[in-house]
Amino acid sequence: MRRTKELEVYLQDYRAERTAAKRAELEKNYTRMIPALGEKTDHLVRLQTAYQAAGRQERIRNLAFFRLGSSAYTQSHEIALAMSDKKLYLDECMDCVYWKPDIVYEGIAGDLEKAEDILNKEFVRLEKFEMFYIQQRLLSDDWELLCTFLPQLARGIADRITGSSLLTEEELEVLCGGYMEKLQTVCRVNTGGDTDGK
């Protein structure tokens with residue numbers, strides 16, 4: 001019988017402590033993510049501006065951060081960043097670029113080792129699939145933490161969008177979630193240059 005849920009419950013305190021420590025670190029250093037995110041945003045702005053110039057794209061409404069299920073398998077820890085019009089997934093000109101928020105995922109290997117050490121005190125013969133399951137839980141914690149910082153990150157890159165020639169709607173909706181899933185609105189960016197949390 002699989003015991004993955006038991007392992008998960010046993011690690012609740014460790015995961016809570018780990019998340020609190022990472023949150024404190026990100027509160028001090030989240031701006032380290034902005035330069036790389038800004039470069040990816042510039043690339044998307046250029047692509048979408050070209051589509052608009054060719055008459056293929058409507059005004060941009062969405063800036064979406066997608067969690068990629070494959071990144072845990074590939075160990076890339078990348079997320080997809082996309083721009084689209086109001087049709088979102090039905091927007092044929094929606095483009096994605098891939099961005100790795102290094103500060104969020106740095107130390108994941110060490111964190112997994114620490115989790116394994118904690119589990120070894122209570123459980124015998126941990127299996128590979130069990131540790132992969134735990135890794136997925138840790139990465140899920142990291143994703144949820146990153147989502148709480150998206151409003152600040154959106155404020156950090158807003159001028160790259162609003163100061164460009166890209167045509168947008170009055171508000172740019174910043175979304176996050178799994179690719180091709182229902183997305184959550186994390187904030188809205190006024191295209192006049194101001195950002196407001198939801």
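This is a predicted model: local features need pLDDT of at least 70, side-chain atom pairs count only at pLDDT 80 or more; totals for chains, interfaces and linings use all residues.
**Strand pairing**
- Strand β1 also pairs with β2 (residues 79-84), here in the antiparallel sense and over 6 bridges, and within this pairing R67 stands opposite I79.

**Nonpolar cores**
- The largest nonpolar core has 49 residues, of which L63, F65, I134 and L146 touch the most other members; helix α7 (residues 128-162) gives the most to this core, with 16 residues.
- A second, separate core of 9 residues includes A64, F66, L88 and M94.
- Leaving aside neighbours within four places in sequence, L146 is in contact with M33, I79, W99, P101, V104 and L153.

**Aromatic pairs and a charge over a ring**
- The model holds 6 aromatic pairs; in one of them the ring centres of Y30 and F149 are 6.1 Å apart with planes at 40°, so the pair is tilted.
- Because Y30 lies in the loop between α2 (12-29) and α3 (34-53) while F149 belongs to helix α7, this pair ties together parts 119 residues apart in sequence; F149 is buried, at a relative accessible area of 3%.
- The rings of F65 and W99 have centres 6.2 Å apart and planes at 65°, so they form an edge-to-face pair, which links strand β1 to strand β3 (residues 95-99) across 34 residues of sequence.
- F65 is buried at 0% relative accessibility, and W99 is buried at 1%.
- F66, Y89 and Y179 form one aromatic cluster, while R137 lies over the face of Y133, at 4.6 Å from the ring centre.

Terms used:
Residues are numbered from 1 along each chain as its sequence is written. Side-chain values use heavy atoms; hydrogens and water are left out. Two strands pair if DSSP finds at least two bridges between them. Helices (H or I, at least four residues) and strands (E, at least two) are DSSP runs, numbered from the N terminus. A nonpolar core is a set of buried Ala, Val, Leu, Ile, Met, Phe, Trp, Tyr and Cys residues joined through side-chain atoms within 4.5 Å. Buried means under 20% relative accessible area, exposed over 50%, partly exposed in between (1.4 Å probe, protein chains only). Contact means heavy atoms within 4.5 Å. Rings of Phe, Tyr and Trp (its six-membered ring) pair if their centres lie within 6.5 Å; planes under 30 degrees apart count as stacked, over 60 as edge-to-face and the rest as tilted. A charge sits over a ring if NZ of Lys or CZ of Arg is within 6 Å of the ring centre and within 35 degrees of the ring normal.
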